[in-house]
Amino acid sequence: MFRLQRKRSRRNLRIVIISLLMLSVGSLFITLWFVVDFGREQEIVQQLVRDLRRRHVPVANELSSELQWQSRWTFFVIVQVVATGIAVALLFRAYLNAQDKLDDIKALAGDILSSMEQAVITSNNDGLVTSLNERALVLLSTTGEAVGKSLRQLTDQIDLVTFRSEAESHAGHSLVRDYPIMKRGEHIWLRTFCQPLRDSDGQKIGNVFQLRDVTADRHLQ
């Protein structure tokens with residue numbers, strides 16, 4: 001299995017989304033309480049209008065009209081709160097669907113890399129291992145716990161840190177070198193490639209190492 005260092009957590013995102021939805025629901029209940037309160041105030045004002053003298057009626061009607069406008073604005077706020085909650089839920093669902101598709105692509109890429117005869121290792125700009133396939137685990141006699149550690153800790157038989165520095169001096173070209181190592185008491189040769197790893201914007205985000213057992217080829221030579 002191709003091992004990746006994952007930084008994003010669905011659990012944390014779900015907590016944030018649920019918190020936003022709960023906040024929206026709380027705002028909705030508070031706003032509905034205001035609507036009910038405005039309705040009661042209008043009933044009280046109408047009752048007072050019936051009991052007031054004629055010269056005080058315009059002032060009371062103006063107050064009733066103001067309460068009606070406040071009630072309408074409150075209804076508008078309710079619509080906005082409901083629409084925001086629905087939008088957040090739909091965006092969260094769309095994000096989960098996109099994340100599922102991305103996980104499927106990663107799993108497919110992992111299966112492809114795991115079936116390769118070459119060892120594949122990636123590192124970030126700080127020289128920390130970000131991923132490696134099963135073949136790399138076998139050739140370097142290491143474990144998946146190497147993810148997140150320095151290239152120097154990955155193996156003491158190949159100086160990947162120095163090799164990476166030399167590769168960076170060959171801008172735009174991949175560097176190739178054969179390294180002799182001891183594996184289970186046998187002397188083998190690993191042909192090692194190193195090239196820059198770039199994102200979709202062309203920015204360098206690390207390096208890709210490929211290691212291939214060329215012991216048989218060396219013997220033939």
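# Reading the strands, core and salt bridges

User: Which residue in β5 is the bridge partner of Met 182?

Analyst: Met 182 is partnered by His 187 in β5. Before we go on, this is a predicted model, in which local features need pLDDT of at least 70, side-chain atom pairs count only at pLDDT 80 or more, and totals for chains, interfaces and linings use all residues. Residues are numbered from 1 along each chain as its sequence is written, and side-chain values use heavy atoms, leaving out hydrogens and water.

User: How do you know that β4 and β5 are paired strands?

Analyst: Strands pair if DSSP finds at least two bridges between them. Strand β4 (residues 175-183) and strand β5 (residues 186-198) are joined by nine bridges, so they meet that rule. They run antiparallel. Strands here are DSSP runs of E with at least two residues, helices are runs of H or I with at least four, and both are numbered from the N terminus.

User: What lies between β4 and β5?

Analyst: They form a hairpin with two residues between them, and Arg 184 in that turn has a positive phi of about 55°.

User: What makes β5 and β6 a pair too?

Analyst: Nine bridges connect β5 with strand β6 (residues 204-213), again in the antiparallel sense. Leu 190, for example, stands opposite Asp 213 in β6. This hairpin has five residues between its strands, and Gly 202 in the turn has a positive phi of about 85°.

User: Why is Ser 123 called buried?

Analyst: Ser 123 has 1% relative accessibility, and buried means under 20% (exposed is over 50%, partly exposed is in between, with a 1.4 Å probe and protein chains only). The value falls under the cut-off, so Ser 123 counts as buried. Ser 123 lies in strand β2. Its contacts (heavy atoms within 4.5 Å) include Leu 128, Arg 164, Ile 205 and Phe 209, not counting residues up to four places away in sequence.

User: And Gln 195, buried or partly exposed?

Analyst: Partly exposed, because its relative accessibility is 33%, which sits between the two limits. Gln 195 is in strand β5 and touches Ser 174, Asn 207, Val 208 and Gln 210, with residues up to four places away in sequence left out.

User: What makes a group of residues a nonpolar core?

Analyst: The members must be buried Ala, Val, Leu, Ile, Met, Phe, Trp, Tyr or Cys, joined through side-chain atoms within 4.5 Å. The largest core here has 24 residues, and Ile 121, Leu 132, Leu 154, Ile 158, Leu 190, Phe 209 and Leu 211 touch the most other members. Elements giving two or more residues to this core include β2 (119-124), α5 (160-168), β4, β5 and β6. Ile 158 touches Tyr 179, Ile 181, Leu 190, Thr 192 and Leu 211, again not counting residues up to four places away in sequence.

User: How do you know that Arg 152 and Asp 159 form a salt bridge?

Analyst: A salt bridge needs a side-chain nitrogen of Lys or Arg within 4 Å of a carboxyl oxygen of Asp or Glu. Their closest N and O atoms are 3.9 Å apart, so the pair qualifies. Side chains of opposite charge can pair when their charged atoms come close. Arg 152 is exposed at 53% relative accessibility, while Asp 159 is partly exposed at 34%.

User: How many salt bridges does the whole structure have?

Analyst: Five. In another one, Arg 177 and Glu 166 have their closest N and O atoms 2.4 Å apart. That pair links distant parts of the chain, 11 residues apart: Arg 177 in strand β4 and Glu 166 in helix α5.

User: What makes Lys 204 and Glu 168 a salt bridge?

Analyst: Their closest N and O atoms are 3.3 Å apart, so they too fall within the limit. Arg 164, Glu 168 and Lys 204 are linked in a network of salt bridges. Lys 204 is partly exposed at 28% relative accessible area, and Glu 168 is partly exposed at 37%.
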